[in-house]
Structures are given as structure tokens and as C-alpha cells.
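Let's take a walk through a protein model together. Keep the sequence and the 3D view open while you read.

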Amino acid sequence: MPEETTVHLPAIEKHIEHLHQGFDYWPTLENGTPPAMGDYRWPAEMILSTWYQAGTREPPDNELEYRTGDSGGGFDKLDFKFLPKEQQLPPETDIDLAIPLNRRGGHGPASGVDREIEISLPWYGGGMSFGSVSEQVMLARAMTAKEWGTFTSTGEGGFPDSLVKYKDHIITQIATGMFGVSEETIQHAPIIEFKYAQGAKPGLGGHLLGDKTTVTVAKMRESVPWVSLFSPFPFHSVYSVEDHRKHVDWVKTINPEALVSVKVSTPTDVDMVAVGSYYAGAHIVHLDGSYGGTGAAPEIAKKNIAMPIEFAIPKVHKYLLGENIRDEITVMASGGVRTVYDIAKAIALGADGVVLGTAELIAMGCTRCSNCERGRGCPFGLTTTDPELSLLIKPEWGAQRISNLNASYAKQLRDILRRLGLKNIRDLRGRTDLLIYKR
Amino acid sequence: MPTNNSYQRYHIDTKPSPDFVLWPNRFVVNVNRFQLAKLLITEIIHQRGDMKAVTSRPCMYGTFSGPIGGFAPRPQHCVGCLRCTTQHPEAVRILRNPDRERLGDSYFTSNYVGAVAYEAETGSIPVKGAGYRGKFGGAGWDGMWTDMSEIVRPTRDGIHGREFISTVVDIGEKPSYLVFDEDGGLASAQPRTLSIPVPFIYDAPPKSAESETLYEILASAAEETQTLAVIPVASCRFQVTSVVPFIKLGEESQLENLGFTPKMIEIDDAQSPTPNIQSLISNLQSQFPDTIIALRLEYPEADTLLEFYENGVRVFHLIADFHGRGNDGTPVMDLIRQAHMTFVEAGVRDEVTLIGSGGIIAAEHVPKAIITGLDLVALDTPLLTALQTQFEGDCADREASQFNMPANIPLDWGVQRLKNLTATWRDQLLEILGAMGLREVRRLRGEMGRAMFQVDLEREAFAEIEGY
């Protein structure tokens, strides 16, 4: 059992103060960028620009690059074909960013009473479980979701009591370990998400390290403290679309109004998976590409198994169009969506919206150092359940940071649409004619 | 072949085997002592003498936990989380260590070196948080992704637990049918085939790294992991059958002094089926009737491969340079595919074994090479890296490249490092196979439908976008 940490609050307060100063200082570029920060996918400037937006609600006004990364492919190869200035919509144009999540109406095959849900922004928060992140982080995300009329997902780790008052904005995830899944948590949820696979470790299941399985986490997951927890892959009860339909029937019996989301990875036949999900009664198919993820995963899986989201989105979009069911299911994309420009590109490629994870953590101070799994967990108090480290994030502060990022993203997204001559985010979906491929 | 009573599940014992020589730290920690002193004084005042708060440090890894804290940082503990520099930009700077980034060469970059070193040290699969950090795709192996299935698994008990996925591969001649006489007896020759539990063998080291110690490490590690080690015949002093002697024309007499019957012999320098080579193969086959004879050659033209096949050769060890290129610069991925397809189109692919070397420097390259068409790979530079060998400049050429092995490495240490590496590469292969729902690696060979290529995916996704 890990040693109990003695928390000395003045020391915590000291570190919080210095950290917050650092989050404000570094994006000014007064001293350049931190030399060891960043990588091809999230260069230092992209991390710092996210900190900047999380502090100011605005995109950077200095030379920080906040639109694209250095990966040399995918979103970083795409740009928008903006209209000449005189053809763009005037700045005062009212531009709508809302998207519906239930496109099947109230009479989907799984139920006759499915909720009508619209989110005010074309994104919501991805699953990060209690245990993989702290309760403070979950609370911060839930508060923001409520403020913006969107959602966040529990991940596979249950529903701490402190989240109950935000339940109308929380997606309950049901994954293969069934951790934290109860009749009550299913009844809470406007949306139930079945996680069949995740992009960072497709086909490999989940693993919560023993050090993170604290007494509270273990209680929530109905397991033993300080013992590693494995979510096997795949669902032991699902071999087919029909089996999945059985799962949908099961949750709809407990919560008849809930929408059903199906989170899948991006194999060669991801298009068929999406169609199968639709016929099994899903309202949302959530495609999780291979380059994202917030938790620990084998390096070999992240880089090599399943395709990046940029390729999966158009594949699924076109196939659903061909099947004549595109307007009856919502396609949400995740796995390497880093900026509002990525969000817009994902939608132009064919998604209805996206699911964010890493960007929210970076807003709260993540440096993408990749030490989430090491020792006591994240040194910034994010992906940890360490009683001392987790105090580095105050939920109200975290919520404000994510909210500020949302504000900046919304502002930029409206500007992108205005420059493309579109009044509605829904009109951007599948508009690959508005993109340019950069050689 | 084990009997039912003797069955043991294949397992490699791993244990930590820390670095033998000190490698450069990953990060350099620069502390401005004046600013640190200033910070300390400010904090004593600000915290009103609460020394617990004053001395509470931002680093949780021990970088500033020495006797005089940040005044003498310990960069060997730094993991690059950047919390210190985020909190105190005026006092601390963390830099990537250029000495560390110089490890390896332009192909076997320091990131790959770091991964192999970690695997050899710990016997564990590299696991990290926060998503993928590298380039989107790229040339060669980087432009290829492996498939997965949302619902299919070989079994349902976890790939490292009770679920059994076979990584056994066969080397040798595999005739498509056997001939029996009227009495039901075998009329055709007994096929010479051996099975090894992992789809990789250890290749002979380049000249500049050769040493008796290294050969002994290779032979012992191969024996313990039940694979094979290719070693020049002149250095085959170990009486272990895991050793595969390789000979050049004129060295065959040295095989008489081996003291054991090898499972396999490799003939080097066999670029075309000359009468000399034919006669050597035939002589060796008479001398060692149960031994598999393999040809070691640079990736040849299709005609040459088929000519060798017509002359009875069934095992080919195909060599690219250490950067994974053929003589004309063709990427090894394409060379493997060409060789594989040559035999597929001739209708004899199942009768031959293709072993490949060169450019396979990471665990993910093994399944990718097998998908592309190899039966198994022969590891070269990763073994040297596991043993903390330094590259001198760019090491592409097999003959001219200079490698510096650390002096006096202990045998046990070297063997354990290679065992750890072998175990982690096998475990990672299991991850890939498990994700696909495959029960055995033999079914992966040439299964290009199990791979997704960047060039194809990009065309499918972006073809209608202006500028593509």
C-alpha cells in the first residue's frame, strides 16, 4: 500500500499560486517557450496557446501558433478555403453552433420516448474515469458542461456523489469492466455511452494501476484498494450487432429516455461498425481515433493500431450517406482533436461534432509530459488520485479554465464559419470542398 | 516436440537489468542559483517562517531533494514533467539533453534507442500517458497501421493471462503435399522443419561489434529463449544447438569442428545460384541430413529467388542495410512485399521460409514485417542497442558501420538484457495479434488486409480535397 501523504495546506497553496503565475507567464513568450516542452502533435506553442485561451477567453494576440501542429499529416495537412473578404458574412452575423444529439427523433427503434437533446457547442468532454483523474478534475469538467449546456463523460469509474447535481450534463459510460455501473448511475444519465474500444489502446481494454486505486476509488468501483484493475477487451457479452442491441434494450429498460452512444475505435471496417451501431439503436456513434487519449497506454498501441481519426471520419460519413441513414445518427469524433481548427476540420470531413479530452487537461495545466502512470501520478494534479497532488486543482478554477477555452473556441469557430459564408455549424458537415490539402 | 506430459507454456523470465554504463540523462536541469536564493528568502518571509511550506519543492521525482535542494539538482531523476519550470521560470530551466539525443543515428534515432533500452532494462512494455507524440505517418513502417476488431478476440481471458496466442513459427521446407507408397509409407523425403517459439532470431553482429563475449551472450540468450543465434562459423565455440553457424564459400570445412549438429546453417554471399553454391548446398545436405540450409543474401530480383527455389533452396535470409534499404535504396517494406509476392505468384509461398534483417528496430516493426510477407525476422542493431552499444556516425552499411560495444560487459547482464528485450517484443506482438483477434502469428504472414497504408487511407479520405 502506498504511503499515506501528509497534506500541508500552506505548501499546496504556495504551489497553486506559483503554478497559476506560470500558466499566465509562459504564453507571453517573454522568455521564449520552455525548451523541453512539446512534441510533433502538440508543439510547445500549441500548449502555451491553450493555456493562454484558458486564461483569457481569447485566441493569442502574439505570435503563438494556435491553429496547427507539426505532425506533417492529417489535420496539419489541411486548411480552409476562406472566401474573399467581400464575400464573407458581416462580423455581427448571428452564427449558430448548436447540434442535436438525437437525430432519430422520438421514435427510435429502441424506444418511443427518446430525449431530444441539443448541445450549444459542437463538442463535449470525453470519458475520463474517477481513478484515472481526480474527483476535482471531474467536477471541473462537469461544472463547465453545465455552464455551456453540453456534456462530459464519467469514463469507466463511476459517479462520485459530488457529481450528482450535474447529472443532466454527464454521460454515464458503460465499459467492459462495468466499474461504477449501477441502476442508479444509468437512471441519472441523459446519455449512456457504451465503450467498445478506445483509440489510445484499441483492442486492449483498460488498466488502472494499483497505486491509483485508492480506498475511495475502489469503493466506487466495488473492488479492492491498491490492486490494479483491468477492463478486459471486448464486452464478454457482445459478439454481434444483435448482442449490442440487447445491451441497448437493457439500459433502455432502466432509463427509457436515455440516448445511446457507442464509442468505438477505428479499424478498417469502421464504416460497417457505424452502420451496425445505428441498426442496434444508437443515437450517437463516437469514433475514437488512434492518436488521442489522456490516460496511460502502451506506446505500440497508440502509434500503430487502428487508423487516425482524420481518415475514419470521411470513411464513416460517406458510408452512412450511401446507406441513406446519415441524418439519423450523430457522428462524434475524437482522438487527436487539439484546436478549434481541428474541430472545424473534423466537421468539414463529415463529423457532426467532436469529443475533447487532452485539450481540457491542457487548459488545466497539463504539459503532456506523459508521466500520468508514474508513481503518484500527474505532477499537476490532473491524472492522479494522490490526496496531496489532486488538491492542486480547485474545481472552480478548473471549470473557469475550461470555460474560457470554450469561449475562445466558440469565438474562433464562429469566425471560421463567417469567413466560409456559413451561418450554421451544421452546414459545415462534410464540406470537403471548403478544405485545401497543403502539399 | 513436447508430449502432453511435458507441455510447458512458453515464458521468458524477465527481471530488471539496469544500465551497465552510464548513459546521458534525458534532461539537463539548469538552476539559476541567484534566483533560487532570492526565491527562498521571499518565501521565508511570505510563509512567515513555515519551513515545511518553504522547503516544499515542486518536484516529486527527487530532482531537488538532495542535501542542498535545488542548489545541486540531480538531473538523473528528472522526467521532464516541467512542473518546476512552469512554477519558477526565473529559477529553473529544463532542456532536452543533446548528448542523449545524439544516441543512435539518423535511422535508429534516440527515441528508438530509448525504447529499446527501456525494454532491455525492465522487461516491460513501454507505457505512457497523454496520447501519441510523434509524426503523423511517414515513409516505410511509419506509414502503416495495423487493424483491430471491435468485438473479436481469440479467447476471452486476457492476452497475458489464460488466453493463448501462439507466436510459434516454422523454419524449413514445407512441401505442399507428401507422397506415400503403396504400403502407406512415406515415399517423399521427410521435410526438414524446426519450430521456434518467437518470430525472431538473433542475427550475426557487424564486424566492428564482434567479440567472443558478444557471441557468448547471443548464444546463451538464444538458448534460454529457445530461439536461434546466427554466428560466424569460426566463432562457434559454444556447444549449444541454438547456434546457427554461417559460412562463406571455402569455410565449410570448419563445420567439422563444431562438436554438435546445428539445427540450421546459413550460407553467406550467395547472390546467385552458381555451380559452386549448388555444390556447397548439396555437400552440406549430405553431411548434415537433418539440418536446415538457409541462404543469406541481399534482397535479389524475383528471377534469382525462383531460380534458387528451383534448385531446392527453401529458407532465405534476406538482408537489407541497417537503415532498412536495399542496394538501390528501395525501402525494406517494399522489398519484403516483392519477395513474398514472387513466391505467392509462383504458387509456392507456403513451401519456403523468408527471414528478414535490416531496418527492423522497434517492436512494432516485427508484426509489420510479417504482415508484409516475412515469416520471421533476424534482429541486428536492436540487440546491440540493448547492450548499450554506441553508434559511430550513421550506421547503415553492414560492413563499414562502426559500433562501440561497452568494454567488459558481464555475460549474465548481457543475456538478461536480451531476454528482457525478447520478452517485451513478444508481449507487444501479442498486443497487436490480440487486438486483431488472431490466435497465432503464422496467420499474420502476408495478411496485407490486416494493415492500413497511409497512402491508401489518405487517397480514400482526401482525394476530393483541392490540392491533394
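**Starting inside chain B**

Let's begin with strand 9 of chain B (residues 243–247): five of its five residues are buried, so the strand is largely enclosed by the rest of the structure. Buried here means under 20% relative accessible area, against over 50% for exposed and in between for partly exposed, using a 1.4 Å probe and protein chains only. Helices (H or I, at least four residues) and strands (E, at least two) are DSSP runs, numbered from the N terminus.

Before going on, some ground rules: this is a predicted model, where local features need pLDDT of at least 70 and side-chain atom pairs count only at pLDDT 80 or more, while totals for chains, interfaces and linings use all residues. Residues are numbered from 1 along each chain as its sequence is written, chains are lettered from A and ligands numbered from 1 in the order in which they are written, and side-chain values use heavy atoms, leaving out hydrogens and water.

Back to the strand. In a regular strand the side chains alternate between the two faces of the sheet. Here V243(B), P245(B) and I247(B) point one way, V244(B) and F246(B) point the other way, and all are buried. What lies alongside? Strand 8 (residues 229–232) of chain B runs parallel to strand 9 and is joined to it by four bridges; strands pair if DSSP finds at least two bridges between them.

**Over to chain A**

Now find I47(A), which sits in helix 2 (residues 44–56) of chain A. Is I47(A) buried or exposed? Its relative accessible area is 0%, so I47(A) is buried. Leaving aside neighbours within four places in sequence, its contacts (heavy atoms within 4.5 Å) include M37(A), W42(A) and I362(A).

**Where the chains meet**

Finally, look between the chains: 73 residues of chain B are in contact with 89 residues of chain A. The area buried between them is about 7,500 Å², with carbon and sulfur atoms giving 58% of it; that is the accessible area (1.4 Å probe) that two parts lose on being put together, summed over both. The rule finds seven salt bridges across this interface, each a side-chain nitrogen of Lys or Arg within 4 Å of a carboxyl oxygen of Asp or Glu. E464(B) forms a salt bridge with K318(A), their closest N and O atoms being 4.0 Å apart. Helix 14 of chain B gives the most to the side of chain B that touches chain A, with five residues.
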